[in-house]
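Visitor: Hi, I'm new here. Could you walk me through this one?
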Amino acid sequence: MPIRSLIFLVLFLVFSIGSLFNPMFGALGYIGHYHIFPEGQWWGLALMNLGIRYSYIIAMMFAIGTIFKIRKLRFKKFFHSQEILLIIFLIIIWLSKYLGLEVDEDYKLFGNYPPIKISKVTLFVLLLTHVVCDLKKYKMITWTFVLMGLYLGYSSYTAPASAF
């Protein structure tokens with residue numbers, strides 16, 4: 001197993017288990033996994049053979065950790081007006097099939113069914129808005145996006161022309 005795969009597994013365990021004690025670990029781990037997507041990397045083939053759905057597990061641990069620590073999280077209202085609008089948007093997306101907007105069959109075949117994707121994003125955003133409620137945590141999220149952007153930029157820069 002490549003060393004990058006082992007490093008990923010160790011970080012995956014740290015962020016997954018850490019999210020039960022501090023949900024911020026789950027948020028950072030999920031964002032990191034989303035950007036790196038180890039299953040799509042050359043070093044991630046060994047990870048795919050393990051049959052583990054890493055994003056699902058870390059998202060589940062993030063949700064469980066948030067539920068465990070809900071009393072310690074500092075937020076004023078359970079749902080803000082923008083969150084209610086997001087939930088209404090999600091309901092409209094789910095009802096779009098019945099409103100006459102059919103989804104291409106290709107989306108269903110590859111697991112990219114838009115209502116399911118939007119549901120995942122909505123759940124993550126709702127959890128994130130309740131976990132990230134001070135400037136320190138916001139800066140951690142922002143720096144995670146910056147570092148992941150740098151990683152993706154480096155990967156793109158060093159990739160062969162055939163990757164594009």
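Guide: Happy to! First, a term: pLDDT is the predictor's confidence in each residue, from 0 to 100. This is a predicted model, where local features need pLDDT of at least 70 and side-chain atom pairs count only at 80 or more, while totals for chains, interfaces and linings use all residues. Residues are numbered from 1 along each chain as its sequence is written, and side-chain values use heavy atoms, leaving out hydrogens and water.

Visitor: Which element has the lowest mean pLDDT, and which the highest?
Guide: Helix 6 (residues 105-109) has the lowest, 61, and helix 8 (residues 135-158) the highest, 94. Helices here are DSSP runs (H or I, at least four residues), numbered from the N terminus. The protein chain averages 86.

Visitor: New topic: at what angle do helix 2 and helix 4 pack?
Guide: About 160 degrees, with axes 8 Å apart; axes are lines fitted to C-alpha atoms over the stretch in contact, and angles run from 0 to 180 degrees between N-to-C directions. Helix 2 and helix 4 are therefore roughly antiparallel (over 145 degrees).

Visitor: Which residues make that contact?
Guide: With contact meaning heavy atoms within 4.5 Å, they include Gly26, Tyr30 and His33 of helix 2 and Ile58, Phe62 and Thr66 of helix 4.

Visitor: And Tyr98, buried or exposed?
Guide: Tyr98 is exposed, at 66% relative accessible area (exposed is over 50%, buried under 20%, partly exposed in between, with a 1.4 Å probe and protein chains only). Tyr98 sits in the loop between helix 5 (81-95) and helix 6.

Conventions: Helices (H or I, at least four residues) and strands (E, at least two) are DSSP runs, numbered from the N terminus. Angles under 35 degrees count as roughly parallel, over 145 as roughly antiparallel, 65 to 115 as roughly perpendicular and the rest as oblique.
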